[in-house]
Amino acid sequence: MIVGNPAEFAIHSHINEAYESLGFMGWGFFTIHVGGIRYGVFRTYATGLACPWGEVGELLDRRGRHRLTLFQGRSAEEIANALLETSTSILDESGEELVPDRLCGLAAEDIWEAYQESKCDWDPGDRAFDDGSRVLFIDEDDSVRVIAYRSEHIAGLRYKAVDVSAVVIPAEQAYGVLREWREAFLKEWEQLPKVPETLGKAVN
């Protein structure tokens, strides 16, 4: 099931096995398209699906509050790498945890506080983003800026953002995709036969 326009912003998911429990819902995949690039693990039985469904609900509940005004006017690459630097532990030779004093000319502590408060990091949970993908969902007045990238290991515990893609679309369109997908996914799940959990596919 694809909801939205993959060339711009869309959600693509599939249920391989459905379970009665809302705490798990089933196995399948959940991927996000931003600017024509797919993010997330695209294969059968990639992830449990309750976490992605719940996370989309939380994004809808916080409409208008995913704000990162600290980064106004910054490029998608600058934002992605600054957030990676502040959210990833960096150790010096003695094993002490370090965070750069300033990133993009901004205090790292201010970046971290704004990032945490915004809750703009769209993490579907479970194993959906085991390919290193990350998606930021940022409210900007009547629009939403969606920034997606993959984190690539540099050295030690340091990473950089690669395959960066970003779109700015009307808020009604962005939240409409979330709402439509969540409703369609729930309907699909309700209509599928449910597999007893003791007989479900074991995925390691």
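Which residue of strand 5 does Trp27 stand opposite? In this predicted model, the position facing Trp27 in strand 5 is taken by Gly48, and the contact between the two strands belongs to an antiparallel pairing of strand 3 with strand 5 that extends over two bridges.

Strand 2, formed by residues 9-18, runs antiparallel to strand 3 and is joined to it by nine bridges, with His14 standing opposite Phe29. Strand 4, formed by residues 37-39, also pairs with strand 3 in the antiparallel sense, here over three bridges, and Arg38 of strand 4 is the bridge partner of His33. Strand 3 and strand 4 form a hairpin in which two residues lie between the strands, and in this turn Gly35 adopts a positive phi of about 60°.

The burial of strand 3 involves residues pointing both ways from the strand: Gly26, Gly28, Phe30, Ile32 and Val34 are directed one way, Trp27, Phe29, Thr31 and His33 are directed the other way, and all of them are buried. Because nine of the nine residues of strand 3 are buried, the strand is largely enclosed by the rest of the structure.

Helix 1 itself consists of twelve residues, 50-61, and reaches 17 Å from its first C-alpha to its last, which is close to the 16 Å expected at 1.5 Å a residue. The buried residues in helix 1 are Ala50, Pro52, Trp53, Glu55, Val56, Gly57 and Leu59.

The largest pocket holds about 200 Å³ of space, and ten residues line it, with Asp123, Phe129, Gly132, Ser133 and Arg134 lying nearest its centre. Strand 10 and strand 11 are the elements that give two or more residues to this lining. By class, the lining of the largest pocket comprises five charged, three polar and two nonpolar residues.

One cavity of 30 Å³ or more is present in the structure, and the space in the largest cavity amounts to about 30 Å³. Its lining is made up of Leu68, Phe71, Gln72, Ile79, Ile138, Glu140 and Arg145, and the residues of this lining divide into four nonpolar, two charged and one polar.

Most residues other than glycine have a negative phi. Lys119, although it is not a glycine, has a positive phi of about 50°; this residue is found in the loop between helix 3 (108-118) and strand 10, where Lys119 is partly exposed, with a relative accessible area of 49%. Asp141, likewise a residue other than glycine, has a positive phi near 55° and lies in the loop between strand 11 and strand 12 (143-155). At a relative accessibility of 66%, Asp141 counts as exposed, because exposed residues are those over 50%.

Methods
Residues are numbered from 1 along each chain as its sequence is written. This is a predicted model: local features need pLDDT of at least 70, side-chain atom pairs count only at pLDDT 80 or more; totals for chains, interfaces and linings use all residues. Side-chain values use heavy atoms; hydrogens and water are left out. Helices (H or I, at least four residues) and strands (E, at least two) are DSSP runs, numbered from the N terminus. The expected span of a helix is 1.5 Å times one less than its number of residues. Buried means under 20% relative accessible area, exposed over 50%, partly exposed in between (1.4 Å probe, protein chains only). Two strands pair if DSSP finds at least two bridges between them. On a 1 Å grid over the protein atoms alone, a cavity is a set of points where a 1.4 Å probe fits but cannot get out, and a pocket is an open set with protein on both sides within 12 Å along at least five of seven lines; lining residues have an atom within 4 Å of a point. Grid points are joined across faces, edges and corners, and a volume is the space filled by probe spheres set on the points. Ala, Val, Leu, Ile, Met, Phe, Trp, Tyr, Cys and Pro count as nonpolar, Asp, Glu, Lys and Arg as charged, and the others, Gly among them, as polar.
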